[in-house]
Amino acid sequence: MKNRIRVERAERRMTQQQLAEAVGVSRQTVNAIEAGKFIPSTLLALKIARVFEKSVEAVFQLEEGE
């Protein structure tokens, strides 16, 4: 699964820590999601999308074959 979290954060000048606090997870979790090492739950994906005022599909994309 690909995501645009790093891009969305940069556009808003938001740190990983600030995003983590906004959605109730650790900074390490945000880092792992950005790096593609962790796939967030549906609830967490919805919370992240809400912070960025985007749809889940605008932030997360399935890769070919997923």
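Select Q16, which lies in helix α2 (residues 16-23); helices are DSSP runs of H or I with at least four residues, strands are E runs of at least two, and both are numbered from the N terminus. The model is predicted, so local features need pLDDT of at least 70 and side-chain atom pairs count only at pLDDT 80 or more, while totals for chains, interfaces and linings use all residues. Residues are numbered from 1 along each chain as its sequence is written, and side-chain values use heavy atoms, with hydrogens and water left out.

**Stop 1: Q16**

Q16 is buried, with a relative accessible area of 13%. Buried means under 20% relative accessible area, exposed over 50%, and partly exposed in between, computed with a 1.4 Å probe on protein chains only. Show the residues around Q16: apart from neighbours within four places in sequence, Q16 is in contact with R9, R27, V30, N31 and E34, where contact means heavy atoms within 4.5 Å. The side chains of Q16 and E34 are joined by a polar contact of 3.0 Å. A polar contact is a pair of N or O atoms within 3.5 Å; within protein, one must be able to donate a hydrogen and the other to accept it, and residues adjacent in sequence count only if both atoms are side-chain atoms. For a C-alpha pair, pick Q16 and Q28, which are 12 residues apart in sequence and 8.3 Å apart in space.

**Stop 2: R9**

The side chain of R9 makes a polar contact of 2.5 Å with the side chain of E34. A polar atom of the R9 side chain also lies 2.7 Å from the backbone oxygen of M14. R9 is buried, at a relative accessible area of 11%. Not counting residues up to four places away in sequence, R9 touches M14, T15, Q16, L19, E34 and F52. Of these, F52 is 43 residues from R9 in sequence, with a C-alpha to C-alpha separation of 8.1 Å.

**Stop 3: R13**

Next select R13, in the loop between α1 and α2. R13 is not a glycine, yet its phi is positive, about 50°. R13 is exposed, with a relative accessible area of 78%.

**Stop 4: helix α2 and its packing**

Select α2 and colour Q16, L19, A20 and V23, which are buried. Looking down the axis of α2, these buried residues fall within an arc of 100°, so they line one face of the helix; the arc is that of the directions from the helix axis to the C-beta atoms. The buried residues of α2 pack against α1, α3 (27-34) and α4 (42-51).

Now show α2 and α3 together. Their axes are 8 Å apart and the helices pack at an angle of about 105°, which makes α2 roughly perpendicular to α3. Axes here are lines fitted to C-alpha atoms, for helices over the stretch in contact, with angles running from 0 to 180 degrees between N-to-C directions. Angles under 35 degrees count as roughly parallel, over 145 as roughly antiparallel, 65 to 115 as roughly perpendicular and the rest as oblique.

To see the contact itself, select Q16, Q17, L19 and A20 in α2, which meet R27, V30, N31 and E34 in α3. The residues of this contact divide into 3 nonpolar, 3 polar and 2 charged. Ala, Val, Leu, Ile, Met, Phe, Trp, Tyr, Cys and Pro count as nonpolar, Asp, Glu, Lys and Arg as charged, and the others, Gly among them, as polar. Following α2 is G24, whose phi is positive, near 80°.

**Stop 5: helix α4**

Move to α4 and colour L44, A45, I48 and A49, which are buried. Seen down the axis of α4, the buried residues fall within an arc of 135°, so they line one face of the helix. On the other side of α4, T42, L43 and R50 are exposed. The buried residues of α4 pack against α1, α2, α3, α5 and β2 (60-61).

**Stop 6: E53**

Last, select E53, in the loop between α4 and α5 (56-59). E53 follows α4 and has a positive phi of about 55° although it is not a glycine. E53 is exposed, with a relative accessible area of 74%.
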